[in-house]
Amino acid sequence: MTSYRIVGGKRLQGDVNISGSKNAVLGILAAAMMLDGPCKIENVPDINDVHAMLEICETIGAQITPCGDGVYEIDPTNINTYEATHPKVKNIRASYYLLGALLTRFKKATMFMPGGCNFGTRPIDLHLKGFRKMGAQGTRATDIRDGIIRIVANELNGAHIFLDVVSVGATINLMLAATKANGLTVIENAAKEPHIVDVANFLNAMGANIKGAGTDTIRIQGVPVLPGGYSYSVIPDQIEAGTYMIAAAVTRGDVTIHNLIPKHMEPLTVKMLEMGFDIEQGDDWIRVSIDEDTELEPTNFKTRPYPGFPTDLQPQATVLLCLAHGMSQMHENVWDNRFQYVPELQSMGASISVMERIALIHGPVQFSGARVTALDLRAGAAMVLAGLAAEGTTTITFANRIERGYEKIVEKLRGIGAEIEHIEEDEEHVVPVDDE
Ligand code: UD1
């Protein structure tokens, strides 16, 4: 088992670079499976979820050639099966994008239900209802047998789809299925996350006709062929960037975070300004610092779909609120069970009470080093942040979960002055959890 050992209390200083977006690249890799020719993808982060997705893509027949430095050549022309039943499909949530991609390619898709129940109910009913509107069968809950979904369509036809819940996954999956469908598909109440825009931009670069991604109405005019043939560079990871902004903040450091899109960071930037941090920004960087004597103001966060505050930064922001003077609130509006990490933080000294979807955070506290578990990817990132701010040594078990979504986190943090190292330990029993 990989663990991290952190000696806290070091003020972070210097420069750090952000990698490509996990959630964008996972959608883009699935989208690449629909192309009629090869393509090149750049700025692919070196993270475990990407390794898993690449492996799944290879098992269905895609040829993947790493060219170094986060660049991959992807040739999907020899994909020979509509069945995505590799065991890793169950581990990464984003494997559900292969449903839309394989349905487009074969008018059929067979896949394990994707895993993931660690922070609440994670249905895919909206994905399936949308496919049904486009003419697919096998899309009712009762059609799912032994955890396997089997979808078939004689034709995929454009449709008018209203999502009654704003869903990132359903928006991307339906966009994929509509790309080569007959006629026009309109997705209303679509999610607007940056990675949705990135998947649409990738597909448009490869020959698709998608308009309105990033707004709540996306219009997709089906095209007969997606020639591919181009290079595409993945956008920077909004959540990784936010995690480093908070790392600078919790250590009262002075860090410039490069290769990010400042617009994507606004929901966090505005709150950090409110708390008393100094934030400077340029075209693709943000500097976070704070005056020595500034006392942090408490504040309230509410997670919402983009452009609201991202739920995937909720655990990390909760760590920051523990350092504010007074009572803050964290409202979790996206997932119904995303405060499972709170007892771990409490064992480091946090004073937090959770009432269903609201956490009341009393500060300031001085975290003290402890042995804690990374219960999932972002909960694990929160433990790292608390460890950086803590007095003494923190050991974070199951740190491999953090590496699902953070490229070289240990090296990057060391580069700005953190005392953190990987250690290998014997397995121990913890509650198994799944992914984003
Ligand atoms: C994606 C992200 C995840 C992030 C989440 C919200 C990936 C791989 N994962 O997950 O990190 O936390 O967006 O920003 O990109 N819902 C339904 N029916 C459905 C689908 C969703 O009711 O068919 C509900 C969910 O229960 C949840 C809400 O919609 O309450 C949002 O879920 P969704 O945006 O779909 O999350 P994911 O795409 O799974």
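Visitor: Is Val-319 buried or exposed, and how do you know?

Guide: Val-319 has a relative accessible area of 0%. Buried means under 20% relative accessible area, exposed over 50%, and partly exposed in between, with a 1.4 Å probe and protein chains only. The value 0% is under 20%, so Val-319 is buried. A word on the source: this is a predicted model, where local features need pLDDT of at least 70 and side-chain atom pairs count only at pLDDT 80 or more, while totals for chains, interfaces and linings use all residues. Residues are numbered from 1 along each chain as its sequence is written, and side-chain values use heavy atoms, with hydrogens and water left out.

Visitor: Where is Val-319 found?

Guide: Val-319 is in helix α9, residues 314-321. Helices (H or I, at least four residues) and strands (E, at least two) are DSSP runs, numbered from the N terminus. Val-319 and Leu-345 are 26 residues apart in sequence, and their C-alpha atoms are 7.9 Å apart in space.

Visitor: What makes Asp-49 and Arg-404 a salt bridge?

Guide: The rule asks for a side-chain nitrogen of Lys or Arg within 4 Å of a carboxyl oxygen of Asp or Glu. In this pair the closest N and O atoms are 2.7 Å apart. That is within 4 Å, so the pair is called a salt bridge. By this rule the count comes to 16 salt bridges.

Visitor: Which parts of the chain does the pair of Asp-49 and Arg-404 link?

Guide: The pair links distant parts, 355 residues apart. Asp-49 is in helix α2 (residues 48-59), and Arg-404 is in the loop between β23 (393-397) and α12 (409-415). Lys-22, Asp-49 and Arg-404 are linked in a network of salt bridges.

Visitor: Why is Asp-49 called buried? And what about Arg-404?

Guide: Asp-49 is at 3% relative accessibility, so it counts as buried. Arg-404 is at 12%, so it is buried too.

Visitor: What separates Glu-274 and Lys-271?

Guide: They are three residues apart in helix α8 (residues 266-275), which means about one helical turn. Glu-274 is at 43% relative accessibility, so it counts as partly exposed. Lys-271 is at 18%, so it is buried.

Visitor: How do you know that Arg-287 and Glu-280 form a salt bridge?

Guide: Their closest N and O atoms are 3.3 Å apart. Arg-287 is partly exposed at 28% relative accessibility. Glu-280 is partly exposed at 40%.

Visitor: Which residues come nearest to the ligand?

Guide: Of the 22 residues around the ligand, Tyr-96, Asp-125, Ser-167, Val-168 and Asp-312 come nearest. A residue is near a molecule if one of its heavy atoms lies within 4 Å of it.
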